[in-house]
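Here is a short report on one protein model.

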Amino acid sequence: MSESTTAVRAVEQRVRWRAVAIPAEHGGWGLTAEPVLLGLLVAYSWAGVAIGVAAVLAFLVRTPLKLALVDRRRGRRLPRTRLAWRIAAAEVVALAALTSLALAAAGWAWTIALAAAVPLFAIELWFDVRSRGRRLLPELCGAVGITAVAAAIVVAGGASVALAAAVSLVLAARAIASIPFVRTQIERLRHGSAPTAGMYGFQCAGVVVALAATAIERQVAAGAGAVVVLVAIQTIWSRRPVPPARVLGLRQLLLGLAIVVVTALGVRT
């Protein structure tokens, strides 16, 4: 076998590995990192660190698991299928180890928040297996479900259940307002126009959820206010020309980080 052929095969294997192991949803990285960061800023603990790393692993395992289940449902066994199962198995083992560490360090109370989010993850997985994961409902379910990680970390860090629920709701409000907005902007970018009535409805729903968070725990009032500012900004942007997709994604990343920082500062002061 020539060196060029070997090099080509090595490149193909790396490309295949990345396609199976690395999520294609760029926005998902931010939506996963936000609850981890907020939870640790509000109530840091080593158990919380373990939960946060486990959350990132859970985000990663979704890609190979989805591919493996899709292939199984369609009755096919490709080279990527075997690779997907191997990667998913390794990540599940690491996920179980981190969960065990968190349980040993902080007990089981933090698991209640994650258990409450299981139905949302189940809906997302149901759509994923049917190759419909890019629809609005599964995207919202996944984005809102992952906010339970913030609540779990806060409880593991010894803070109150009310505060845990409130910080999770602030992030849920951000997701409810932002995901339909981004989808509408992308549709405008591709087709020149898009219906906006539904998007504005979700903006209002985000504000309502943010206010509910404040009603549960007043310490998150600053974070709820940041969500209201986010909705105002997105409403203005929805009436202006759409920037390139990369700029749109960067804006959302910075807005999400701003909400995390403002919420954490409000709780700490």
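The report starts with the model, then turns to the patch and the cavity.

## The model

This is a predicted model: local features need pLDDT of at least 70, side-chain atom pairs count only at pLDDT 80 or more, and totals for chains, interfaces and linings use all residues. Residues are numbered from 1 along each chain as its sequence is written, and side-chain values use heavy atoms, without hydrogens and water.

## Nonpolar surface patch

Leu37, Leu41, Leu257, Val261 and Leu265 make a nonpolar surface patch of about 390 Å². Nonpolar side chains are joined within 5 Å. Areas come from the Shrake-Rupley method with a 1.4 Å probe.

Helix H2 (26-42) and helix H11 (245-268) each give two or more residues to the patch. H11 gives the most, with three. Helices are DSSP runs (H or I) of at least four residues.

Leu41 sits in helix H2. Leu41 counts as partly exposed because its relative accessibility is 34%, between the cut-offs for buried (under 20%) and exposed (over 50%).

A cavity is a set of points on a 1 Å grid where a 1.4 Å probe fits but cannot get out. The largest cavity has a volume of about 40 Å³.

Its lining residues (an atom within 4 Å of a point) are Leu31, Glu34, Pro35, Ala143, Ile146, Thr147, Leu171, Arg174 and Ala175. H2, helix H6 (136-146) and helix H8 (161-191) each give two or more residues to this lining. By class, the lining has six nonpolar, one polar and two charged residues.

Note on methods: Patches are made of residues with over 30% relative accessible area and no salt bridge: like charges are joined within 9 Å, nonpolar side chains (Val, Leu, Ile, Met, Phe, Trp, Tyr) within 5 Å. A salt bridge is a side-chain nitrogen of Lys or Arg within 4 Å of a carboxyl oxygen of Asp or Glu. Buried means under 20% relative accessible area, exposed over 50%, partly exposed in between (1.4 Å probe, protein chains only). On a 1 Å grid over the protein atoms alone, a cavity is a set of points where a 1.4 Å probe fits but cannot get out, and a pocket is an open set with protein on both sides within 12 Å along at least five of seven lines; lining residues have an atom within 4 Å of a point. Grid points are joined across faces, edges and corners, and a volume is the space filled by probe spheres set on the points. Ala, Val, Leu, Ile, Met, Phe, Trp, Tyr, Cys and Pro count as nonpolar, Asp, Glu, Lys and Arg as charged, and the others, Gly among them, as polar.
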